[in-house]
Amino acid sequence: MSVIAFPVSTPVEPRLRRIGRIVAIGALVCVAGAVLAVPLLWSSDDVLRHWIATRSPLGARPFTLHPGTRFVGALISLIGLVPVLYALLQLSMLFSRFARGEVFVTENAWRIRRMGLALIVNALTSPLVQMLTTINLTRANEPGQIVVMFGIEQSHVLSVLSGLALVAFATVMADAVRLWHENSEII
């Protein structure tokens, strides 16, 4: 006679439930904030000029703003945000499961893996998005003043390394969950 014992559900610790809910909701708020920030950034002259002067590789170089550059810039920004939004949604779903007490399950390992892959994709696409943004902002300039900038920053390397660490952690977690399930069978 063989008996298969599945894990006994345990009540969720109030602290884990609270942290899970806070992170799950916080990640969704970040998604909404990021999506709303793009049109706000590209519709305001003052905010856009400040962003270009302080955060953009263009700095003090000349650039041209008109409805076309604003629309294309917003579109490029939204496309660049896709991996970040995906990672935040995975984070929200992961911590929602934590809040329900579902910690060591295979699906959580896959969510962590997806977050790691999204970090890697974001790090690899960020220089391209930055380059397209600088081209977009300078394409209406006088001939010879179009700027093409492509650069890899330390944050990109750290994002790739962090993403690889998450993928490795998820692989180990998935194996641990699988072994735990195999060992929980009593014969």
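How many of the 187 residues of the protein chain count as buried, as a percentage? The share is 34%, where buried means under 20% relative accessible area, with a 1.4 Å probe and protein chains only.

Before you click further, some ground rules. This is a predicted model, in which local features need pLDDT of at least 70 and side-chain atom pairs count only at pLDDT 80 or more, while totals for chains, interfaces and linings use all residues. Residues are numbered from 1 along each chain as its sequence is written, and side-chain values use heavy atoms, with hydrogens and water left out.

**Stop 1: the whole chain.** Switch to a cartoon and follow the order β-α-α-α-α-α-β from the N terminus. That makes five helices and two strands, taken as DSSP runs (helices H or I, at least four residues; strands E, at least two) and numbered from the N terminus.

**Stop 2: the annotated spans.** Select 22–42, 71–95, 116–137 and 157–177, which an unreviewed UniProt entry annotates as "transmembrane region"; such annotations may be inferred rather than shown by experiment. Residues 116–137 are 100% helix, with end C-alpha atoms 31 Å apart. Residues 157–177 are also 100% helix, and their end C-alpha atoms lie 30 Å apart.

**Stop 3: the largest pocket.** Show Trp51, Ser77, Leu81, Val129 and Thr133, which lie nearest its centre among 21 lining residues. The largest pocket holds about 570 Å³ of space, a volume being the space filled by probe spheres set on grid points joined across faces, edges and corners. A pocket here is an open set of points on a 1 Å grid over the protein atoms alone, where a 1.4 Å probe fits, with protein on both sides within 12 Å along at least five of seven lines; lining residues have an atom within 4 Å of a point. Colour α1 (14–43), α3 (67–99), α4 (106–138) and α5 (154–183), each of which supplies at least two lining residues. Helix α4 gives the most, with six. By type, the lining has nine nonpolar, ten polar and two charged residues.

**Stop 4: arginine 97.** Finish in helix α3, where arginine 97 sits. Arginine 97 counts as buried because its relative accessibility is 18%. Leaving aside residues up to four places away in sequence, select what arginine 97 touches: Glu102, Val105, Glu107, Asn108 and Arg111 (contact means heavy atoms within 4.5 Å).

Technical notes
Nonpolar A, V, L, I, M, F, W, Y, C, P; charged D, E, K, R; others polar. Buried < 20%, exposed > 50% of the residue type's maximum accessible area, 1.4 Å probe, protein only.
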